[in-house]
Amino acid sequence: MSVLTNQLKSLLLSFVLIVAISGIVLGTVIYFHYSKNITFKFLTNDPAVVAELPAYVGVLSQLGIFLWASTAAICLFCTRLIKNKAHRTFIFSSALITILLGFDDAFMFHEIVFPSLGVQQKIVFLSYIIIMLLYGLKFIKVLFKSDYLLLLFSVFWFGVSLIVDNFFANSSPYIAQLLEDGAKFIGIVSWLFYFARTCRQILIREGLKST
């Protein structure tokens with residue numbers, strides 16, 4: 001009995017956070033249902049189910065979102081282990097940027113959400129570029145100590161995707177779709193490899209990796 005009591009005490013904060021996070025998300029769903037008159041089916045079901053589409057629809061995009069989430073999870077987990085303040089701040093900031101980009105990809109911030117609020121796509125892209133530049137300037141010393149070529153490789157492919165999206169949107173499907181989305185996917189994979197590798201290197205240098 002004492003073991004169970006101790007476990008309940010140690011897990012109290014976890015239970016509170018689980019209920020709080022779940023409550024916020026479910027509360028937001030309920031809010032949109034009543035305030036915007038959106039059916040629960042549209043807010044809770046898988047998009048392919050709602051639209052009655054095959055399961056493979058959007059497979060590349062879905063995989064990309066998994067990779068964004070994986071990168072953010074790796075960075076957030078390592079933030080708890082990294083002792084050096086500069087490295088910890090760098091990895092935590094990287095996690096926040098990854099979450100932002102992942103949410104943009106999943107919920108189409110720059111394509112639908114912000115334009116519906118009156119913010120043009122170009123302004124959204126410019127904001128993202130400014131964020132990335134400030135991020136680069138803030139952590140330039142840490143970046144140069146890492147295998148930054150992987151990060152530049154990632155940014156290059158994101159740039160290719162943006163160029164195709166803005167200047168070749170009406171071209172053939174091989175350019176407008178495959179090249180745009182394919183380039184973005186390569187960028188996401190490279191992003192994951194860079195931060196997984198960088199976190200591992202930081203932990204090794206701090207002596208926290210046992211093997």
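Reader: Hi! How many aromatic pairs does the count come to here?

Author: The count comes to 14 aromatic pairs. The rule is that rings of Phe, Tyr and Trp (its six-membered ring) pair if their centres lie within 6.5 Å; planes under 30 degrees apart are called stacked, over 60 edge-to-face, and the rest tilted. Please keep in mind that this is a predicted model, where local features need pLDDT of at least 70 and side-chain atom pairs count only at pLDDT 80 or more, while totals for chains, interfaces and linings use all residues. Residues are numbered from 1 along each chain as its sequence is written, and side-chain values use heavy atoms, leaving out hydrogens and water.

Reader: Good to know. Why is the pair Phe 103 and Phe 107 tilted?

Author: Their ring centres are 5.5 Å apart and the planes sit at 45 degrees, so the pair is tilted. Both belong to helix 6 (residues 85-107), four residues apart, which puts about one helical turn between them. Helices here are DSSP runs of H or I with at least four residues, strands are runs of E with at least two, and both are numbered from the N terminus.

Reader: Which residues do ring pairs link into a cluster?

Author: Trp 68, Phe 90, Tyr 135, Phe 139, Phe 158, Trp 191, Tyr 194 and Phe 195 are linked into a cluster by ring pairs.

Reader: And which residues have the most contacts inside the largest nonpolar core?

Author: Phe 90, Ile 91, Trp 191 and Phe 195, in a core of 24 residues. A nonpolar core is a set of buried Ala, Val, Leu, Ile, Met, Phe, Trp, Tyr and Cys residues joined through side-chain atoms within 4.5 Å. Two or more residues each come from helix 5 (59-79), helix 6, helix 9 (140-144), helix 10 (148-167) and helix 11 (173-205). Helix 11 gives the largest share, eight residues.

Reader: What is Ile 91 in contact with?

Author: Setting aside neighbours within four places in sequence, Ile 91 is in contact with Cys 75, Thr 79, Ile 82, Thr 198, Cys 199 and Ile 202. Contact means heavy atoms within 4.5 Å. Take Thr 79 from that list: this residue lies in helix 5 and is buried at 13% relative accessibility. Thr 79 and Ile 91 are twelve residues apart in sequence, with 6.3 Å from C-alpha to C-alpha.

Reader: At what angle do helix 5 and helix 6 pack?

Author: At about 160 degrees, with their axes 8 Å apart. Axes are lines fitted to C-alpha atoms, for helices over the stretch in contact, and angles run from 0 to 180 degrees between N-to-C directions. Helix 5 and helix 6 are therefore roughly antiparallel; that label needs over 145 degrees, while under 35 is roughly parallel, 65 to 115 roughly perpendicular and the rest oblique. Their crossing is left-handed, meaning that the near helix is turned anticlockwise from the far one by less than a right angle (clockwise would be right-handed).

Reader: Nice. How does helix 6 pass helix 8?

Author: In a left-handed crossing too. The axes of helix 6 and helix 8 (residues 121-138) come within 12 Å and cross at roughly 165 degrees, which makes these helices roughly antiparallel. Helix 6 brings Phe 90, Ser 93, Ser 94, Ile 97, Leu 100 and Asp 104 to the contact, and helix 8 brings Tyr 128, Ile 131, Met 132 and Tyr 135.

Reader: Is Ser 94 buried or exposed?

Author: Ser 94 is buried, with a relative accessible area of 0%. Beyond neighbours within four places in sequence, Ser 94 is in contact with Cys 75, Tyr 135 and Phe 195.

Reader: Switching topic: which residue has a positive phi although it is not a glycine?

Author: Asn 37 does, at about 55 degrees. Most residues other than glycine have a negative phi. Asn 37 lies in the loop between helix 2 (12-35) and helix 3 (40-44) and counts as exposed at 70% relative accessibility.

Reader: Last one: what does the secondary structure come to?

Author: Eleven helices and zero strands. The C-alpha trace spans about 65 × 50 × 35 Å along its principal axes, and buried residues make up 27% of the 211 residues.

Note on methods:
Buried means under 20% relative accessible area, exposed over 50%, partly exposed in between (1.4 Å probe, protein chains only).
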